[in-house]
Amino acid sequence: MSSERVRWGILATGGIAAAFAADLVDLPDAEVVAVASRSEESAKTFAERFGIPRAYGEWGALAEDEDVDVVYVATPHSAHRAAAGLCLEAGRGVLCEKAFTLNAREAEELVALARRHDGFLMEAMWMYCNPLVRRLKALVDDGAIGEVRTVQADFGLAGPFPPSHRLRDPAQGGGALLDLGVYPVSFAQLLLGEPSDVAARAVLSEEGVDLQTGALLSWESGALASVHCSISGGTPVSASVTGSEGRIDIPHGFFFPDRFVLHRDGRDPEEFAADPAAGPRNSLKHEAAEVMRALRAGETESPLVPLDGTLAVMRTLDAIRERIGVRYPGEGP
């Protein structure tokens, strides 16, 4: 790795890749040196847009680029295993978008590959790196609301999405759960860890993906989490954490909040607001900064987004899909 600057490669050229590239501008020690797509034309257009010196029309060339320290994988879920695996095999660090993979088996393969090669790997769960979410977790961990009893979180988009859209395509890991539901599930597990039991119901599309899903997660402590996701109806995108001595409410945008309110028994409500100096609340720079910190420290994973936690979330998503009857091509019956 470059001693002064961390050199990024970006694999894929869609909207989230563009947002990531734009947010890296706010990090003076970050440099995007290459981009790759399955379309050379798309890669060149993206490179010209962001002033990236090298554009590749195939993933392997980016993976083999010795000037790249870490690759941001921004393909659809269905390609994460192949794309991230290619980069890890070539000795590149990887920041891989969520949902991390299609299923826990693929996630386990990637984690094993990274550990075998002593390479850096992290899920791009930007929520975990958000300063205000980190503040909320610290309050909960410090006992500000007592023992956690319930978590509620939702993420729904109004749509409608046509059958041709990637969110309706089983081959691309379509449906509400992997694209949106990963946030409520990850939020609950950030605070409570992996659940001991999972119950779920869903409404499926003609293509066999979930249009909306509701799940009830439970823990041996007695804690419960109610999570919901939808691509057929807009929701508040809110979250609430209730404990034995109080409650924390995030009224909107829980995975990139501008504020949350702490209610403690016998006290006035306390509002915690995002620091304007941290930049836009939807910035992806915090996860990028964490990757670069970890790389400079010689770490192979981030304590903010640990791989075991990513695997636990993938197991929960698998359990939900098993209960609602969603299977993707190649997964078997």
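Guide: Helices (H or I, at least four residues) and strands (E, at least two) are DSSP runs, numbered from the N terminus. The model is predicted, with local features needing pLDDT of at least 70 and side-chain atom pairs 80 or more, while totals for chains, interfaces and linings use all residues. Residues are numbered from 1 along each chain as its sequence is written, and side-chain values use heavy atoms, leaving out hydrogens and water.

Visitor: How many helices and strands are in the protein chain?

Guide: The protein chain has 333 residues. Its C-alpha atoms fill a box of roughly 60 × 45 × 35 Å along the principal axes. The count for the chain is 10 helices and 14 strands.

Visitor: How far does helix α9 reach from its first C-alpha to its last?

Guide: Helix α9 covers residues 285–296, which is 12 residues. The expected span (1.5 Å times one less than the number of residues) is 16 Å for α9. The model's helix α9 is close to that, reaching 16 Å.

Visitor: How many residues of α9 are buried?

Guide: Buried means under 20% relative accessible area (1.4 Å probe, protein chains only), exposed over 50%, partly exposed in between. Helix α9 is largely enclosed by the rest of the structure because its buried residues number 9 of the 12.

Visitor: Which residue just after α9 takes a positive phi?

Guide: Helix α9 ends at residue 296. Just after α9, a phi of about 75° is taken by Gly-298.

Visitor: What share of the residues in the protein chain is buried?

Guide: Helix α9 has 9 of its 12 residues buried. Over the 333 residues of the protein chain, the buried share is 55%.
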